[in-house]
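Let's walk through this protein together, starting from its overall build and ending at a few individual side chains. Keep the viewer open as you read.

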Amino acid sequence: MIMICANGCSMIDQRMAFMESELPTFKEKNPQLEVVNELIHGQHPHLKGFYKNKNERVVCVKNMTPEDILLYATRLRNALGRKVVKLTTRHVTKHPSVQGTWTTDVKF
């Protein structure tokens with residue numbers, strides 16, 4: 001489900017143009033999604049993606065053009081909803097070194 005939220009900020013004309021022109025075609029092209037419009041005053045406009053694994057992603061679309069908002073909506077649609085995992089080291093390989101990683105403190 002992708003939730004489209006808008007509020008009464010300075011860019012309301014562009015967001016309303018998106019909600020009137022691009023959003024119905026986005027709904028028709030993606031019948032598997034549930035798209036909800038909400039008008040929330042006092043908040044920045046944002047897209048929320050709710051996934052089956054109970055994760056949620058939020059993208060702020062403040063001061064964006066309708067084309068950019070559509071791009072972010074399709075990115076939310078294409079995402080799997082997994083959490084972003086931060087790597088512990090910069091060096092990642094399928095075949096780690098048997099001798100260990102090289103450091104500058106090696107004494108010969």
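Among the contacts in the protein chain between residues at least 6 apart in sequence, 66% join residues at least 24 apart, where contact means heavy atoms within 4.5 Å. Before going further, please note that this is a predicted model, in which local features need pLDDT of at least 70, side-chain atom pairs count only at pLDDT 80 or more, and totals for chains, interfaces and linings use all residues. Residues are numbered from 1 along each chain as its sequence is written, and side-chain values use heavy atoms, with hydrogens and water left out.

Now for the overall build. The protein chain has two helices and four strands, and along the sequence they follow the pattern β-α-β-β-β-α. Helices (H or I, at least four residues) and strands (E, at least two) are DSSP runs, numbered from the N terminus. Of the 108 residues in the protein chain, 27% are buried. Here buried means under 20% relative accessible area, exposed means over 50%, and partly exposed is in between, using a 1.4 Å probe and protein chains only. The accessible surface of the protein chain comes to about 8500 Å², and 55% of that belongs to carbon and sulfur atoms. These areas come from the Shrake-Rupley method with a 1.4 Å probe; for residues, only the protein chains shown count as cover.

Which residues of H2 are buried? They are Pro 66, Ile 69, Ala 73 and Leu 76. These four cover an arc of only 80 degrees around the axis, which puts them on the same side of H2. The arc is that of the directions from the helix axis to the C-beta atoms.

Glu 22 is found in helix H1, residues 12-29, and is partly exposed, with a relative accessible area of 22%. Leaving aside neighbours within four places in sequence, Glu 22 is in contact with Ala 17, Pro 66 and Leu 70. The C-alpha atoms of Glu 22 and Leu 70 are separated by 7.5 Å, although the two residues are 48 apart along the chain.

Next, the hairpin. Strand E3 (residues 46-50) and strand E4 (residues 56-60) pair in the antiparallel sense over five bridges; two strands pair if DSSP finds at least two bridges between them. Leu 47 stands opposite Val 59 in E4. His 46 lies in strand E3 and is buried, with a relative accessible area of 11%. A polar atom of the His 46 side chain lies 3.0 Å from the backbone oxygen of His 44. That is a polar contact, a pair of N or O atoms within 3.5 Å; within protein, one must be able to donate a hydrogen and the other to accept it, and residues adjacent in sequence count only if both atoms are side-chain atoms.

The loop between E3 and E4 holds several residues worth a look. Is Asn 55 buried or exposed? Asn 55, placed in this loop, is buried, with a relative accessible area of 17%. Its side chain reaches the backbone oxygen of Gly 81 at 2.7 Å. Not counting residues up to four places away in sequence, Asn 55 touches Gly 49, Phe 50, Gly 81, Arg 82 and Lys 83. Lys 52, also in the loop between E3 and E4, is exposed, with a relative accessible area of 88%. The C-alpha atoms of Lys 52 and Leu 80, 28 residues apart along the chain, are separated by 9.1 Å.

Finally, a word on backbone torsions. Most residues other than glycine have a negative phi. In the hairpin of E3 and E4, which has five residues between the strands, Lys 54 takes a positive phi near 65 degrees. At 79% relative accessibility, Lys 54 counts as exposed. Asn 63 also has a positive phi, near 60 degrees. Asn 63 is found in the loop between E4 and H2 and, at 49% relative accessibility, counts as partly exposed.
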